[in-house]
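Here are my notes on the model, as numbered points. Please read them with the coordinates open.

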Amino acid sequence: MYKGFRTWILLLVFHTLTVAVWARRGRRNVLFIIADDLRTSLGCYGDSLVKSPNIDQLASKSQVFLNAYAQQSVCAPSRTSILTSRRPDTTRLYDFKSYWRVHSGNYTTMPQYFKSKGYLTLSVGKVFHPGIASNHTDDYPYSWSIPAYHPASFTYEKKKMCKGEDGKLHANLLCAVNVTQQPGGTLPDMESTDEAVRLLKSRASDDNPFFLAVGFHKPHIPFRIPQEYLSLYPIEEITLAPDPDVPKLLPPVAYNPWTDVRRRDDVQKLNISFPYGPIPKDFQLRIRQHYYAAVSYMDAQVGRLLSALDELRLSNSTVVVFTSDHGWSLGEHGEWAKYSNFDVATQVPLMFYVPGVTSHRNWRGESTFPYIDAFNQSQHSFNNDKVIKNMVELVDVFPTVSYLAGLRAPKRCPDVSFQEELCTEGANRAHIFRRPERGENGEAVSFSQYPRPANTPQENSDLPDLKDIKIMGYSLRTWDYRYTLWLGFNPNTFQVNVSDVHAGELYMLASDPGQDNNVYSDFDHSVMMTKMTRLPPTVSLQMRMKLQLLYLSAGRKRKA
């Protein structure tokens with residue numbers, strides 16, 4: 001008995017020492033997985049309908065952040081922000097049409113930093129947003145050791161590939177297909193998984209560390225997915241959004257008219273009035289069904305990737321990060337797609353698996369991530385007490401994963417950082433991994449923003465070009481509130497006019513978690529704004545909004 005007790009003590013001491021020195025001495029591989037347009041519709045985030053067993057399994061062995069938020073709910077600005085750890089006002093990318101290295105500053109990216117430390121850096125699928133936003137090269141050779149891989153089948157993603165009721169092919173929103181009849185008999189995310197597994201195999205016997213980024217395209221529209229995944233979600237089990245109507249007090253500038261959804265052939269046939277005309281309820285149900293099916297399809301690819309990591313005995317030496325670039329509205333507030341500051345568009349899943357820290361090392365050769373077939377599992381399974389409820393941001397990913405992998409986290413950026421090549425506007429969250437959360441942190445906040453061309457919805461409201469941006473909506477998310485100001489913006493100088501308030505939103509989350517009742521107009525803002533004019537011009541917009549929210553919340557408490 002004494003011998004067994006001594007062995008237990010030795011193992012405990014060994015584990016403690018491992019945790020203490022892991023970031024100082026070890027160089028871990030990194031598998032960075034990013035989905036596209038994935039909101040927190042996952043079993044591990046409390047969604048009882050979705051079937052996401054492989055991501056839930058990863059979450060069960062990871063540090064999970066329940067309140068993580070993107071800095072802008074559209075692909076190129078968000079991905080650039082994540083990978084540089086700079087906010088959109090620093091990258092100056094609010095649309096798809098500039099490259100930050102020449103547009104704002106020659107910032108070091110997360111993979112570039114790992115590459116400079118001797119890592120082999122590899123990109124598969126949609127990691128950077130392709131096109132001008134990443135210099136038409138996915139930022140190669142700065143960020144990647146070899147050119148980024150893009151699946152050949154993605155060429156067909158925006159073409160007429162969806163068979164309609166007339167038997168002809170269309171560019172539809174809803175596009176469940178027979179994969180064997182698709183070009184090459186495959187789909188983009190399947191191809192990306194195949195390539196990622198091939199790259200993992202090439203690294204299995206190499207002692208040099210790697211940083212492999214894998215970007216899955218789904219559940220981004222069109223919902224071009226294997227048709228069998230629809231069977232996981234019988235239409236009679238699908239419900240409408242709990243708040244499918246446009247809130248009465250929603251400022252028109254805040255509404256996104258989901259123009260990319262409207263352009264699809266099957267949606268155009270519905271003849272929906274612009275901008276507020278609702279989608280017919282039966283079609284709403286089908287959109288929600290297809291979105292969930294797309295999530296399960298993407299989950300299966302994550303499962304394939306993680307099980308390969310296991311089979312190659314790499315799960316004991318690899319940090320796994322899973323997240324998304326932003327969320328996606330599924331009819332909440334009468335909106336679809338992203339393009340807003342609401343939680344459904346900005347909140348994302350975020351989890352970090354760190355072998356020996358978030359989960360015990362697997363010394364017995366047992367599988368850490370066995371593949372789970374959603375068709376054979378009736379419900380999700382998630383069991384983990386390593387969850388963080390306080391607010392974090394996607395700009396936190398770069399410093400956190402750097403530290404977890406054994407590198408020094410980039411230093412905090414100064415207030416003006418256009419000349420700083422390597423720094424972070426986020427925070428290193430790795431310290432949280434070692435101690436439990438101590439309740440609500442009133443200082444924990446997240447910031448998001450979204451540009452608009454006008455005070456009312458128009459055709460380019462969702463994706464205005466830089467030159468057309470006249471208003472910027474800045475949004476502050478805390479435990480109790482979401483506070484948003486729509487302020488005048490000059491696209492030539494990139495300056496925001498804090499005195500030019502076009503509209504405001506304030507949601508009390510305790511009584512209004514869906515953010516449907518805007519109480520901004522319940523307050524007299526004149527005294528507060530006068531106080532704001534007395535602040536030095538060097539006070540940041542984020543600090544100004546924090547002070548305003550403190551003033552408003554204090555006033556509400558006095559009234560109560």
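1. Start at Cys423. This residue is buried, with a relative accessible area of 1%. Buried means under 20% relative accessible area, exposed over 50%, and partly exposed in between, with a 1.4 Å probe and protein chains only. The model is predicted: local features need pLDDT of at least 70, side-chain atom pairs count only at pLDDT 80 or more, and totals for chains, interfaces and linings use all residues. Residues are numbered from 1 along each chain as its sequence is written, and side-chain values use heavy atoms, with hydrogens and water left out.

2. Cys423 is bonded to Cys413 in a disulfide, S to S 2.0 Å. The cut-off for a disulfide is a pair of cysteine sulfur atoms within 2.5 Å. The torsion about this S-S bond is about 90 degrees, so the disulfide is right-handed. Cys413 and Cys423 both sit in the loop between α12 and β15, 10 residues apart. Helices (H or I, at least four residues) and strands (E, at least two) are DSSP runs, numbered from the N terminus. Cys413 counts as buried, at 10% relative accessibility.

3. The structure holds two disulfides. Cys162 and Cys175 form a disulfide with S to S 2.1 Å. Its torsion is about -100 degrees, so the Cys162 to Cys175 bond is left-handed. The link runs from strand β4 (residues 162-163) to strand β6 (residues 174-177), with the cysteines 13 residues apart. Cys162 is buried at 4% relative accessibility, and Cys175 is buried at 1%. With the bonded cysteines numbered in sequence order, the pairing reads 1-2, 3-4.

4. What about Cys75: how far is its sulfur from the closest cysteine sulfur? The distance is 18 Å, to Cys175, which is too far for a bond. Cys75 counts as buried at 2% relative accessibility. Cys44 is buried too, at 5%.

5. Now the rings. There are 23 aromatic pairs in the structure. Rings of Phe, Tyr and Trp (its six-membered ring) pair if their centres lie within 6.5 Å; planes under 30 degrees apart count as stacked, over 60 as edge-to-face and the rest as tilted. Phe114 and Tyr119 are edge-to-face, 4.9 Å centre to centre, with 90 degrees between the planes. Phe114 and Tyr119 are both buried.

6. Phe352 and Phe433 are both buried.

7. Check two charges over rings. The criterion is NZ of Lys or CZ of Arg within 6 Å of the ring centre and within 35 degrees of the ring normal. The charged end of Arg86 is 4.1 Å from the ring centre of Tyr107. Lys51 lies over the face of Tyr233, 5.3 Å from the ring centre.

8. Last, a sheet. Four strands make an open antiparallel sheet, ordered β15-β16-β17-β18. Two strands pair if DSSP finds at least two bridges between them. β15 and β18 (495-508) are the edge strands, each pairing on one side only. β15 pairs with β16 (residues 471-477) over seven bridges, in the antiparallel sense. Pro451 stands opposite Met472 in β16.
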